[in-house]
Amino acid sequence: MSMHLNAKEEIKKLSKQIKDEIVSFRRHIHMYPELSGEEKETAKFVAQKLKEFGVNEVIENFGGTTAVVGLIKGRHNITVALRADMDALPMLEKSGKEYASRISGVMHSCGHDAHTAMLLGAAKILVQLKEYLQGNVKLIFQPCEERHDCGGAKKLVEAGVLQNPDVSAIFGLHVFPELPAGVVGTKIGHFMASSDVFTIKIKGKGSHASRPHQGVDSILVGAQVINALHHIVSRKVDPLHPAVLTIGRINGGYADNIIPDEVEMGGTVRTLSLELRDQIPKWIEHAVWGVTLSYGAAYEFDYRQGTPPVINDEKTTKFALGMMRDLLGEDKVVELPNPTMGGEDFSEYLMKVPGTFIRLGIRNEEKGITAPLHSPVFDIDEDALPVGASVLSYLAYKWVEEHS
């Protein structure tokens with residue numbers, strides 16, 4: 001290597017050289033998936049690899065979680081962060097692959113195994129370029145992305161993961177079955193929705209089914225509540241502001257001839273707007289209050305904010321699009337036209353520092369790799385893995401170079 005490093009060519013070369021290693025990381029993690037908050041063995045594996053690579057600092061159990069945080073030190077104080085999530089889902093894998101999950105009922109069906117493997121690949125590449133690195137790279141291996149109640153990114157932010165040294169920008173990527181393998185895409189601004197959950201308990205008065213006039217029918221009231229809630233988006237929300245309200249669960253009743261005293265339902269709310277996110281719970285409770293009052297029933301309402309919307313920073317996103325075109329070529333980079341209503345707690349980092357979330361295509365119809373995320377037969381085209389590792393490496397390298 002000369003003192004005037006051609007970072008683009010060097011990163012492309014190194015990512016190809018370590019492709020088999022990245023694939024092996026991914027397959028190992030895929031075979032031994034761990035649920036949110038339980039990523040102990042995955043974290044040990046990650047920490048061991050970072051130490052083997054020669055990452056300057058490796059912190060395990062960051063913030064009292066299973067998170068692993070690494071720091072590659074460069075020449076100046078400017079710091080950029082790269083993030084991957086590590087947790088799997090409670091699903092039985094049905095892919096039939098030789099590297100399928102060996103833990104019954106747990107599966108990496110959202111690609112977090114690939115995210116972790118690609119960030120390990122990026123770490124190995126950047127360590128090899130350390131003498132040319134103009135700033136620091138913080139590597140965040142995050143637990144608990146899949147579960148609202150264990151606050152993966154939020155806990156790390158509160159524990160100071162974006163400080164000591166202070167992070168100037170953050171980048172992350174997620175595999176995406178709707179793009180061809182090796183194609184990357186992102187967009188400026190609203191990229192993914194907030195993701196909140198709620199529970200409503202309708203409290204009526206039980207009675208025999210033959211004497212409904214002696215009770216308050218919680219099932220009937222629940223049906224009217226559901227009907228009322230499904231009018232909120234269509235009649236309260238500006239049609240130009242996307243929002244989704246879904247009831248995904250309803251439980252109640254004991255027997256065919258008994259009117260139960262309680263019914264419980266649960267659902268989710270998705271929106272791209274922070275203002276709308278705060279308003280919708282008020283509309284929900286007002287609708288529930290009105291319906292239950294009219295029938296002489298009572299209610300309990302619990303609304304839990306999950307993750308804010310993912311809003312990509314304009315400056316970092318223009319930078320990312322430019323650098324990815326430079327690295328991969330125009331034909332491998334797309335500016336995505338629309339946000340999606342899925343949620344991602346990468347948003348917690350973006351509430352604090354500028355950054356960009358990127359989609360990495362993994363679809364390959366010739367190989368039969370077409371399943372959506374969270375499918376029991378989900379898989380990825382592993383040819384995309386070195387692409388993801390090179391993108392993360394190049395964004396980090398060039399960000400600190402341009403801002404040192």
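Which residue forms a salt bridge with Glu57? Lys73 does, the closest N and O atoms being 3.1 Å apart. The legends below describe close-up views of a predicted model, in which local features need pLDDT of at least 70, side-chain atom pairs count only at pLDDT 80 or more, and totals for chains, interfaces and linings use all residues. Residues are numbered from 1 along each chain as its sequence is written, and side-chain values use heavy atoms, with hydrogens and water left out.

**View 1. The salt bridge between Glu57 and Lys73.** A salt bridge is a side-chain nitrogen of Lys or Arg within 4 Å of a carboxyl oxygen of Asp or Glu. Glu57 belongs to strand 1 (residues 57–62), and Lys73 to the loop between strand 2 (67–72) and strand 3 (79–85), 16 residues apart. Helices (H or I, at least four residues) and strands (E, at least two) are DSSP runs, numbered from the N terminus. Glu57 is partly exposed at 32% relative accessibility, and Lys73 is partly exposed at 39%. Buried means under 20% relative accessible area, exposed over 50%, and partly exposed in between (1.4 Å probe, protein chains only).

**View 2. Helix 1 and its buried face.** In helix 1 (residues 7–17), the buried residues are Ala7, Glu10, Ile11, Leu14 and Ser15. Seen down the helix axis, the buried residues fall within an arc of 130°, so they line one face of helix 1; the arc is that of the directions from the helix axis to the C-beta atoms. Lys16 and Gln17 are exposed on the other side of helix 1. The cover over the buried residues includes helix 2 (19–31), helix 4 (112–128) and helix 11.

View 3. Asp326 pairs with Lys8 in a salt bridge whose closest N and O atoms are 3.2 Å apart. Asp326 is partly exposed, with a relative accessible area of 34%, and Lys8 is partly exposed at 23%. The structure holds 29 salt bridges.

**View 4. The largest nonpolar core.** A nonpolar core is a set of buried Ala, Val, Leu, Ile, Met, Phe, Trp, Tyr and Cys residues joined through side-chain atoms within 4.5 Å. The largest has 72 residues, and Leu50, Leu139 and Phe141 have the most contacts inside it. Helix 11 (residues 385–403) gives the most to this core, with 11 residues. Apart from this core lies another, of 24 residues, among them Phe198, Leu229, Leu276 and Val291.

**View 5. The salt bridge between Arg147 and Asp149.** The closest N and O atoms of Arg147 and Asp149 are 2.7 Å apart. Arg147 is partly exposed at 39% relative accessibility, whereas Asp149 is exposed at 60%. Salt bridges that share partners join Arg26, Arg27, Lys97, Glu98, Asp113, Asp379 and Glu382 into one network.

Technical notes:
Contact = heavy atoms within 4.5 Å.
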